[in-house]
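Hi everyone, thanks for making time for this. Please have the sequence and the structure open while I talk, and stop me whenever a word is new to you.

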Amino acid sequence: GAVGGLTYGRGHARSAAQGAPMAATLGAPPPARKIDEAIAMCAALLAKVEGRRASEGPTTAAPASTQRVPPAPAAASSSTKTATAAAAAAPPSRGLVPDTEGVQCFNKAELGVGRVRSVECVENSDKLYRCQIEVRPGETRQVVTGLQKFVTVEELNDHDVMLVLNLKPAKLAGQASEAMILCAEGEVNGERVVKLCVPPKGSVVGERVFLQGAAPSLETPKVLSSKIWDKVKALLQAKDGVC
C-alpha cells in the first residue's frame with residue numbers, strides 16, 4: 001500500500017517517486033503467512049498514521065495544500081484582463097507635457113476641426129458673420145463670429161477651422177451660436193490683427209485638437225465653464241505662425 005508517499009512491502013520501503021514496481025522490487029510472491037504478516041503490518045501503520053492526523057487536527061494539512069496547489073486558472077485570467085483594461089483605459093503619456101493646472105483646464109476644452117460650409121453677414125451688423133460649420137460628419141452647427149472686419153468671406157467659406165465645441169450656447173444679435181471659432185490676435189504697427197487658427201495639415205472634420213506631446217482627453221464636460229475657458233485663454237499663444 002502507499003502511506004505518506006512511501007511504498008511499503010516485505011521489509012522494504014521505497015519512495016513512490018522512484019518508480020520501481022512492487023513486483024520487480026519484491027521478486028517472487030511470498031508465502032501466504034508472510035503476506036498476512038505484511039497486511040497486518042500495513043494495517044498497523046495506517047492506523048498509526050490516521051491516529052496522528054486526528055490528534056494534530058485539520059489545520060496542519062492546510063499550509064502544505066496551499067503551497068502545492070497553483071492559483072486557479074480562472075483567477076489568473078481575470079487578473080490579466082483587469083490589468084489589460086486598466087492599461088487600455090489610461091491615455092498614452094510621452095512625458096512632454098507636465099500635469100499642471102493649466103493642462104488640466106485645457107483638457108476640459110473640447111477643441112475640434114470643422115469645415116465652414118456657408119458664410120453670410122448678419123443683418124444690421126458690420127462685425128458679425130453667421131456661419132454653418134460641419135463639426136462632425138453629418139453634424140452642422142450655426143456659429144456667429146465677430147470676424148467681419150478681419151477675415152473675408154472667401155477666407156472662411158469652405159475652409160477648415162479650429163473650434164471650441166463645448167462652450168455654453170449663446171446668442172449674438174439675436175442669432176444662436178453653438179460653438180466658437182479659434183483665432184489669434186495681436187498688434188502689427190499699432191494695428192489690431194486677427195488671424196484664423198488653422199488645423200494641422202491633413203486634419204479631417206471631427207478630429208480632436210490636443211497639445212503636442214500629449215493625447216486627447218478621454219472625457220470633456222458637456223458644458224465648459226467660462227472660468228475654466230478664461231484660464232485656458234490666458235495660456236494660449238501664437239508665435240512664429242505656430243499656436
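This is a predicted model: local features need pLDDT of at least 70, side-chain atom pairs count only at pLDDT 80 or more; totals for chains, interfaces and linings use all residues.

First, some overall numbers. The protein has 243 residues, and 22% of them are buried. It exposes about 16600 Å², with carbon and sulfur atoms supplying 56% of that area. Now look at contacts between residues at least 6 apart in sequence: 56% of these join residues at least 24 apart.

Next, the sheet. Which strands form it, and in what order? Five strands make an open sheet, S6-S5-S4-S7-S10, and their pairing is antiparallel. Strand S6, residues 139-145, and strand S10, residues 180-181, each have a single partner strand, so each one has a side without a neighbour in the sheet.

Let's look at two of the pairings. S4 covers residues 111-121 and S5 covers 129-136; six bridges join these antiparallel strands.

Now to the inside. The largest nonpolar core has 16 residues, and those with the most contacts inside it are Val116, Cys131, Ile133, Leu156, Val161, Leu163 and Ile181. Which elements give two or more residues to this core? They are S4, S5 and S7. S5 provides the largest share, four residues. A second, separate core has 15 residues, including Cys105, Leu111, Cys197 and Val209.

Let's zoom in on one of those core residues. Leaving out residues up to four places away in sequence, Cys131 touches Val116, Ser118, Val119, Arg141, Gln142, Val143, Thr145 and Leu156.

Arg141 sits in strand S6. Is Arg141 buried or exposed? The cut-off for buried is under 20% relative accessible area. Arg141 has 15% relative accessibility, so it counts as buried.

What does the side chain of Arg141 reach? One answer is the backbone oxygen of Glu178, at 3.2 Å. The side chains of Arg141 and Glu139 are also joined, by a polar contact of 3.2 Å. Setting aside residues up to four places away in sequence, the residues that Arg141 touches include Ile133, Val135, Leu165 and Glu178.

My last stop is helix H7, residues 226-235. Its buried residues include Ile228, Trp229 and Val232. Seen down the axis of H7, the buried residues fall within an arc of 95°, so they line one face of the helix. Here is the general idea behind that: an α-helix has 3.6 residues a turn, so residues three or four places apart point the same way.

What covers the buried residues of H7? The cover includes helix H5 (101-106), strand S7 (160-164) and S10. On the face turned away from the buried side, H7 carries the exposed residues Ser226, Lys227 and Ala234.

That's my tour, and I'm happy to take questions.

Notes: Residues are numbered from 1 along each chain as its sequence is written. Side-chain values use heavy atoms; hydrogens and water are left out. Two strands pair if DSSP finds at least two bridges between them. Buried means under 20% relative accessible area, exposed over 50%, partly exposed in between (1.4 Å probe, protein chains only). A polar contact is a pair of N or O atoms within 3.5 Å; within protein, one must be able to donate a hydrogen and the other to accept it, and residues adjacent in sequence count only if both atoms are side-chain atoms. Contact means heavy atoms within 4.5 Å. The arc is that of the directions from the helix axis to the C-beta atoms. Accessible areas come from the Shrake-Rupley method with a 1.4 Å probe; for residues, only the protein chains shown count as cover. A nonpolar core is a set of buried Ala, Val, Leu, Ile, Met, Phe, Trp, Tyr and Cys residues joined through side-chain atoms within 4.5 Å.
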